[in-house]
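Could you look this model over before we talk?

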Amino acid sequence: SPGLYIVATPIGNLGDITLRAVDVLRGVGVVACEDTRVTGKLLHHLGLKKRLIRYDDHAGEGDRERLLALMESEPVALVSDAGTPLISDPGYRLVRTARERGIAVTSLPGPNAAVVAMTLSGLPNDRFLFAGFLPNKAKAREEALAELAQVPATLIFYETAPRLAAALAAIDQVLPGREVAVGRELTKKFEECRSGTPSQLADHYAAHPPKGEIVLLVAPPSDEPAGDIDVDALLRAELA
Ligand code: SAM
C-alpha cells in the first residue's frame, strides 16, 4: 500500500539483508537512495530493477516534494548507502513531513553499525549515547567531547580511518582514563574490534594504519564511591 518504507540495508555483509527488506524492495516501484550506483548494485544482487531517485544530503524542498507526491499514491522505499536510513544519513525531514501529512510511514529494522559495535565492544551497554560524527576541527572536537564528559553512558561515535588518530588523541586529553574500543569493517571479512586505553589504540593504529569504516566507543566515567562525590561542585556545575 502507498506510503514511506524506511528500509535498513547491509553495512558490509550482504547476507544481513532481511527477508522483509527484500519483500518490500520487491514490492515498491520507487527506491529513494543516496547514491544510485550503490543502491543499484544492491538491487542487482537481489535480482531487482527499480526506478531510483536520488535523495542525499544535498536534497532540497523540491526533491522532497517529488517523493512525497509519489508516496500519496504508491509505496516508496527509502534506503541509504549502508545500514539504517536517518542514522547519520538523510531522511529526517522526509519522515517528518510525511508524518505531518498523514502519509503512512513504516520502518524495517536491520543493520546499524553503532549497534553492532556496541554489542561487540564489551563496554557497558545498559546506557549508551550515540553521538554521530565528531566535528572535523580540533577545537570543536574537544568541545564536543567536553560536553559529553559527565554523561553516565557508553559514548558511540562514527569515525573515518584518516581521522581516527586525532579522535583518540582528543579523547585521551579531554576524557582521560577512559577505556575505548574501535570496531572496524564490521560484518565484513576483516572485521575487528579492539579495546584498550586511547594511547594503546593510538600506538596500534600508528603501526597498522587503519582502513575502512570505524565506530569508536568510549567507556562511561567510572563510578566514584559515594563519599568522594563533591556535592558542592556538582551543584555549582548545575547552577552555572
Ligand atoms: N546509517 C549507517 C548505519 O546505520 O550504521 C551509518 C551511515 S554513516 C554515513 C557511515 C559511518 O557509519 C562510517 O563512517 C562508520 O563510522 C560507520 N559504519 C558504517 N558501516 C560500518 C562498518 N561496516 N564497520 C564500521 N563502521 C561502519
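1. Ground rules. The model is predicted, with local features needing pLDDT of at least 70 and side-chain atom pairs counting only at pLDDT 80 or more, while totals for chains, interfaces and linings use all residues. Numbering starts from 1 along each chain as its sequence is written. Helices (DSSP H or I, at least four residues) and strands (E, at least two) are DSSP runs numbered from the N terminus.

2. The enclosed helix. Start with α5, residues 113-121: seven of its nine residues are buried, so the rest of the structure largely encloses it. Buried here is 20 or more other C-beta atoms within 10 Å of a residue's own; 12 or fewer is exposed, and anything in between is partly exposed, with C-beta atoms placed from the backbone. The buried ones are A113, A114, V115, V116, A117, M118 and S121. Their cover includes the strands β6 (128-133), β7 (154-160), β8 (180-184), β9 (192-196) and β10 (213-218), where contact is C-beta atoms, placed from the backbone, within 7 Å. Just after α5 comes G122, with a positive phi of about 75°.

3. The ligand shell. There are 24 residues around the ligand, and G83, A113, Y158, L186 and E213 come nearest. Being near requires a C-beta atom, placed from the backbone, within 6 Å of the molecule. Two or more shell residues come from each of α5, β7, β8 and β10. By class, the shell has nine nonpolar, nine polar and six charged residues. The classes are Ala, Val, Leu, Ile, Met, Phe, Trp, Tyr, Cys and Pro as nonpolar, Asp, Glu, Lys and Arg as charged, and the others, Gly among them, as polar.

4. α7 against α8. Helix α7 (164-174) and helix α8 (198-207) pack at about 160° with axes 9 Å apart; axes are lines fitted to C-alpha atoms over the stretch in contact, with angles from 0 to 180 degrees between N-to-C directions. That makes the two helices roughly antiparallel (over 145 degrees; under 35 is roughly parallel, 65 to 115 roughly perpendicular, the rest oblique). The α7 side of the contact is L164, A165, L168, A169, I171 and D172, and the α8 side is P198, S199, L201, A202, Y205 and A206. Those residues divide into ten nonpolar, one polar and one charged.

5. α6 against α7. The axes of α6 (138-147) and α7 come within 10 Å and cross at roughly 50°, so the pair is oblique. From α6, R141, E142, L145 and A146 meet A170, I171 and V174 of α7. This contact has five nonpolar, no polar and two charged residues. I171 also turns up in the contact with α8.

6. An exposed loop residue. D223 lies in the loop between β10 and α9 (231-239). It has 9 C-beta neighbours inside 10 Å and therefore counts as exposed.

Terms used
Contact = placed C-beta atoms within 7 Å.
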